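This report is a short tour for a reader meeting the structure for the first time. Have the sequence and the 3D view open side by side.

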Amino acid sequence: MRVDLVKAHIAANGSVAKDTYLMELRLETEEFLAAPGQFVMLRILDTTDPLLRRAFSICSLIKPNVIQIMYRVVGKGTRLMKDMKEEETLELLGPLGNGFQGPERGKKAVLVSGGIGVAPLFFLASRLKPHDLKFIAGYGSKEDVVPPGLLGLEEGSVLFATEDGSCGYHGLVTELFEAELNKTLSRQLQVYCCGPWEMLKKLAHICYEYDLDCQVSLESAMACGVGACQGCAVKASASYPPDYFHVCSHGPVFSSSDIDWEG
Ligand SMILES: Cc1cc2nc3c(=O)[nH]c(=O)nc-3n(C[C@H](O)[C@H](O)[C@H](O)COP(=O)(O)OP(=O)(O)OC[C@H]3O[C@@H](n4cnc5c(N)ncnc54)[C@H](O)[C@@H]3O)c2cc1C
Ligand code: FES
């Protein structure tokens, strides 16, 4: 797999929800061969603070050399990014990681996101036929909700859960997922999820109980992004040698049964 280190010129950068931004990047390469679930490492040029690159899932590939990333402002790097203007330049390393697998023929895809975990699942949804997928997105509140139409999905194609009940189901996305499971008789499902650790742990547990294949996209603090620094290790389940995975090079996508959720 080819990994590029290229200049990425900002083509657009704007707010799409509370503290959440969508950035379109035109890459100095003819073709960027990225698959859903893969990520890029971005470095802000002309500053040593932050010095290290930051990891972002690829949210969409809109032309062979134009991608979108969606980011939540949480610290120094993302605060600088939100104020960047068109034609400013970042340095990009990618595509990195393994990406999602499948779904197998005959299986319906169920996508479950929590917060900014929606970003890689938008990319996956864009590659699936609408009638072959169910997309369930969880947020804290209505103001956090990213409209699916912004990413080319039909409005109404995503079920929402909000913790304060201001949009869609009132409660956790894991509860809505389980309620939807109980509505369908089919167990020919492939579940894909991305979000906070506790949410993924709960989904892994539900999928184990319902005997469903579940792929999780993990986030962990990353320094190098390419398997060199060991900073992104997560504990593997007892059945799986080696003891630890590097999220950046073995993942970020794992079968939920390969992860030690207590580790
Ligand atoms: C494979 C992968 C894909 C990701 N995709 C996205 C994405 O699509 N959109 C998005 O907004 N973010 C994504 N992240 C998280 C993103 O990398 C961090 O939010 C970003 O590095 C924060 O940079 P900062 O300089 O703004 O914050 P910092 O100043 O570095 O940190 C601010 C706060 O955020 C916490 N933090 C930093 N990195 C992470 C992390 N990786 N996971 C959880 N908390 C973190 C720190 O502990 C600290 O509390 C992804 C991470 C990984 C590993
Ligand atoms: S971030 Fe360095 S090994 Fe994964």
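## Terms and model

Helices and strands here are DSSP runs, numbered from the N terminus; a helix has at least four residues and a strand at least two. The model is predicted.

## The largest pocket

Start with the largest pocket. Its volume is about 620 Å³. The lining has 26 residues. Nearest the centre lie Arg54, Ala55, Phe56, Glu219 and Ser220. By class, the lining holds 15 nonpolar, six polar and five charged residues.

Four elements each supply at least two lining residues: strand E4 (54–57), strand E6 (66–72), helix H1 (76–82) and helix H2 (118–126). E4 gives the most, with four residues.

## The second largest pocket

The second largest pocket has a volume of about 350 Å³. It is lined by 17 residues. Ala204, Cys207, Tyr208, Ser256 and Ser257 are the closest to its centre.

Helix H4 (197–209) and strand E13 (213–217) each supply at least two residues of this lining. The largest share comes from H4, with five residues. The lining of the second largest pocket divides into seven nonpolar, six polar and four charged residues.

Val40 has Phe56 of E4 as its bridge partner. Phe56 is also among the residues nearest the centre of the largest pocket.

E3 has another partner in strand E7 (residues 89–96). Five bridges join E3 and E7, again antiparallel. Leu42 stands opposite Leu92 in E7. Is E3 enclosed or open? Five of its six residues are buried, so E3 is largely enclosed by the rest of the structure.

## Strand E6 and its partners

E6 also supplies at least two residues to the lining of the largest pocket. Six of the seven residues of E6 are buried, so this strand is largely enclosed by the rest of the structure. A residue counts as buried when its relative accessible area is under 20%.

Which strands pair with E6? One is strand E2 (residues 20–27), joined to E6 by seven bridges in the antiparallel sense. There, Arg26 has Val66 of E6 as its bridge partner. Another is strand E5 (residues 60–63), antiparallel to E6 over three bridges. A hairpin of two residues joins E5 to E6.

## An open sheet of seven strands

Now look for a sheet of seven strands. It is open, and its order is E11-E10-E9-E8-E12-E13-E16. The pairing is mixed. At the edges stand strand E11 (169–170) and strand E16 (253–255). Each has a single partner strand, so one side of each is left without a neighbour in the sheet.

E9 and E10 show one parallel pairing in this sheet, over five bridges. Phe135 has Val158 of E10 as its bridge partner. E13, in this sheet, also supplies at least two residues of the lining of the second largest pocket.

Find Gly152 in the loop between strand E9 (133–139) and strand E10 (158–162). Is Gly152 buried or exposed? Its relative accessible area is 67%. The cut-off for exposed is over 50%, so Gly152 is exposed. Gly152 and Tyr21 are 131 residues apart in sequence. In space, C-alpha to C-alpha, they are 16 Å apart.

Thr174 sits in helix H3 (residues 173–183). It has 7% relative accessibility and so counts as buried. Which residues does Thr174 contact, leaving aside its neighbours within four places in sequence? They are Met199, Lys202, Leu203 and Ile206. Helix H4 covers 197–209, and H4 gives five residues to the lining of the second largest pocket.

Terms used: Residues numbered from 1 in each chain as written. Chains lettered and ligands numbered in written order. Predicted model: local features only at pLDDT ≥ 70, side-chain atom pairs only at ≥ 80, totals over all residues. Heavy atoms only, no water. 1 Å grid on protein atoms, 1.4 Å probe; cavity = no way out; pocket = protein on both sides within 12 Å on 5 of 7 lines; lining within 4 Å. Points joined across faces, edges and corners; volume = space filled by probe spheres on them. Nonpolar A, V, L, I, M, F, W, Y, C, P; charged D, E, K, R; others polar. Buried < 20%, exposed > 50% of the residue type's maximum accessible area, 1.4 Å probe, protein only. Contact = heavy atoms within 4.5 Å. Pairing = 2+ DSSP bridges.
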